[in-house]
Amino acid sequence: MSKLIILDHPLIKNKISMLRNKNTGNKEFRELVDEIATLICYEATRDVPLTNVNIETPLGKTVAQVTEKKFGIVPILRAGIGMTNGILRFIPNAKVGHIGLYRDPETLKPVEYYCKLPVDSKDREIFLTDPMLATGGTASAAIKFLKDRGVKDIKLLCLLSTPKGVAKVNKEHPDVDIYTAEHDKGLNDHGYIIPGLGDAGDRLFGTK
Ligand code: URA
């Protein structure tokens, strides 16, 4: 069963409130998404294993701890891109892939139109990013596409989630934990999160 980790921190709530505000402009919106992504990444890496190493400080010998774990970041195009740099700030050696999906208007099934992943994705923990976990259809399909390519270790990082989105990912991918800044109550008839923050891609890139 997936874990749903909701970041419960007053400063993150403060930043999310600014994101939700319709008067927040594109530049500030982008900066906030970037900052919140770093903070979500901080939480999503809490379980990283450490190994002991002997080192010498200027004052003597000690045993310190390092991690050898390798990470990948895979934003779902296009809004997921907004979270990439914030994660890279915390894990600068992570490799970045991209995955693009659209919904076939007839079958309503997600179709992959772009996928370029780090060659050694199978050996990395992959942070799949999408700011809005709405119905869960896109995220769940993206997880399947990653698994089809041999990726085993996946976490889903988002800013806002809904009960429906979480339930869908949980049902189809119980091995994938979900990290979210806040959990909203639902969706409107067009699949937008309520109260949400509007269209994350348009607000990030200024396309509306
Ligand atoms: N995608 C968005 O950008 N916003 C929503 O509310 C739902 C999906």
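Proline 195 falls in the loop between strand S13 (193–194) and helix H6 (200–205), where helices (H or I, at least four residues) and strands (E, at least two) are DSSP runs, numbered from the N terminus. A cis peptide bond links isoleucine 194 to proline 195, with omega at about 0°. This is a predicted model, in which local features need pLDDT of at least 70, side-chain atom pairs count only at pLDDT 80 or more, and totals for chains, interfaces and linings use all residues. Residues are numbered from 1 along each chain as its sequence is written, and side-chain values use heavy atoms, with hydrogens and water left out.

Another cis peptide bond sits between leucine 77 and arginine 78, again with omega at about 0°. Arginine 78 belongs to the loop between strand S4 (71–75) and helix H3 (84–90).

On to the ligand. Around it are Met132, Ala134, Gly191, Tyr192, Ile193, Gly198, Asp199 and Ala200, a residue being near if one of its heavy atoms lies within 4 Å. Sorted by class, this shell has five nonpolar, two polar and one charged residues; Ala, Val, Leu, Ile, Met, Phe, Trp, Tyr, Cys and Pro count as nonpolar, Asp, Glu, Lys and Arg as charged, and the others, Gly among them, as polar. A polar backbone atom of isoleucine 193 is 2.7 Å from an oxygen atom of the ligand, and one of glycine 198 is 2.8 Å from a ligand nitrogen atom. Alanine 200 has a backbone N or O atom 2.8 Å from an oxygen atom of the ligand. On its own, the ligand has 230 Å² of accessible area, and the protein covers 82% of that (Shrake-Rupley method, 1.4 Å probe). The ligand sits in the largest pocket, meaning that more than half of its atoms lie within 2 Å of the pocket's grid points. A pocket here is an open set of points on a 1 Å grid over the protein atoms alone, where a 1.4 Å probe fits, with protein on both sides within 12 Å along at least five of seven lines.

Two residues separate S2 and S3 in their hairpin, and glutamate 56 has lysine 61 of S3 as its bridge partner. Strands S6 (residues 98–103) and S7 (residues 110–116) also pair in the antiparallel sense, over six bridges.

Key: Polar contact = N/O pair within 3.5 Å; in protein donor to acceptor, adjacent residues only side chain to side chain. 1 Å grid on protein atoms, 1.4 Å probe; cavity = no way out; pocket = protein on both sides within 12 Å on 5 of 7 lines; lining within 4 Å. Pairing = 2+ DSSP bridges.
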